[in-house]
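Open the model in your viewer and keep the selection tool at hand.

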Amino acid sequence: MSEPQDSQLADNPLYLRQKERADANKPPSRNSPLGAVAQSRFPEGRSRREMVEGILAQDEGLVEGHFGSVHYIPTTVCGIDLKLEPLQPSIGTIVHGLDLATDLNDPEMVSFLRELWLQRRVIMFRGQAHLSRQQMVEFAQHFGEVGAPFGEREHIPNSPHDLNQQVKVPEIPNMLVLPSDERVPNAATGWHCDATWQTRPPMGSILMCRESPPIGGDTCFCDCYSMWEGLPLVTKRRIEGLTAVHVGGVGHQMDGKTPAAIHPVARTHPETGHTTLYVQQGFVRRFAEEHEITEDEEKSLLLQMKMQEGRPEYTCRFRWEEGSLAMWDNRAVLHTASGDFWPHRRLMERLTILDFDATRRRPYYARQRTD
Ligand SMILES: [Fe+2]
């Protein structure tokens, strides 16, 4: 059995508790997609060991390679030839041709990438494994202020119940490390924007893949503009002035206190002016009490919004390779990890980015005439 991805985990009580389940030969819980997918891939496994061996045998023949063709837009910025590969018609573009450690010194390149990011909600890069953690921070600083591991410093989770907080990076304390291995499966599955339980949630997030599974573990993104546009007009009219309560999980507690924040349901994007649906049912529990919405109506409205989450037409899916890096706009997309890769290993590093303009950090809604 492989060792934990970071030596700090070897003595960590949370890691050890979960490892006990593995040592007892129990498969991962089917309450999590990681366990459910494993069960569907190898239903004949009577023990965890048999499941691991059965699934690894299925994946044994995988080799790395490239074939087929993609459509991309060639463009030249600051004398550098780029290839822009759209992942889906409306969101997600992989930018090929840049070295993020050296090619962002020209402000023209930074503003090109920011425009593309606003337009496509999430941009990705490949082949950036050479970037050190400090160079990731320097990349992020071109776009905003690097936040704490969960954004603003008003609430910095210190929960012992979140595995992702157990690996400390002393030289980069703002970095969150997300490990997952055979003993302790771990993935942020479920549509959400990062830390919306903060009063001023992070503008964007950056994720770097340091170790990728040979198959699975993609991150999916869902466009919040389309989610808003896809709602029936009568529903839009009903909810546009409402606010909702976003509540963090036990892993987001600071000194035992669970964070919560109230945000508008329809949100105006502070840079593009577009309206987005700002309800992610990973964190939203209810509408604010002041609206006095009946339980039945609340249920029905939340269900209508939930049905917009993850529609294939609104989403793109990014396949990770070692050295792939994604930067997304938390004001414009939801995201979720695809929890389908157990028992393979996956190791990610995340930074949050706060808007340089502090007056734009708090979500608001300004009705548009065109809505
Ligand atoms: Fe996330």
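Start with the contacts of the whole chain. Among those with a separation of 6 or more, 77% join residues 24 or more positions apart. Keep in mind that this is a predicted model.

**Whole chain.** Show the cartoon. The protein chain carries 8 helices and 17 strands. Its radius of gyration is 21 Å, close to the 21 Å that the globule rule gives for 371 residues, so the chain is as compact as a globular protein of that length. Now colour by burial. Buried residues make up 40% of the 371 residues.

**Strand S6.** Select residues 176-180. Is this strand enclosed or exposed? Of its 5 residues, 5 are buried, so S6 is largely enclosed by the rest of the structure.

S17 pairs with S6 in the antiparallel sense, over 5 bridges. Leave S17 displayed, as the next stop returns to it.

**Helix H5.** Select residues 133-140. Which residues of H5 are buried? They are Met136, Phe139 and Ala140. These cover an arc of only 95° around the axis, which puts them on the same side of H5. The buried residues of H5 pack against strand S5 (145-146), strand S7 (204-211) and S17.

**A three-stranded sheet.** Clear the view and select S14, S8 and S16. They form an open sheet of 3 strands in the order S14-S8-S16, with antiparallel pairing. Strand S14 (315-318) and strand S16 (333-337) are the edges, and each pairs on one side only. Look along the sheet: the twist averages 20° from one strand to the next.

Finish on S8, residues 219-223. S8 and S16 pair in the antiparallel sense over 5 bridges. Strands of a sheet pair through backbone hydrogen bonds, so show the backbone atoms here. Then label Thr219 and look across to S16, where Ala337 stands opposite.

How values were computed. Residues are numbered from 1 along each chain as its sequence is written. This is a predicted model: local features need pLDDT of at least 70, side-chain atom pairs count only at pLDDT 80 or more; totals for chains, interfaces and linings use all residues. Two strands pair if DSSP finds at least two bridges between them. Helices (H or I, at least four residues) and strands (E, at least two) are DSSP runs, numbered from the N terminus. Axes are lines fitted to C-alpha atoms, for helices over the stretch in contact, and angles run from 0 to 180 degrees between N-to-C directions. A residue is buried if 20 or more other C-beta atoms lie within 10 Å of its own, exposed if 12 or fewer, and partly exposed in between; C-beta atoms are placed from the backbone. The radius of gyration is taken over C-alpha atoms; the globule rule is 2.2 Å times the number of residues to the power 0.38. Two residues are in contact if their C-beta atoms, placed from the backbone, lie within 7 Å. The arc is that of the directions from the helix axis to the C-beta atoms.
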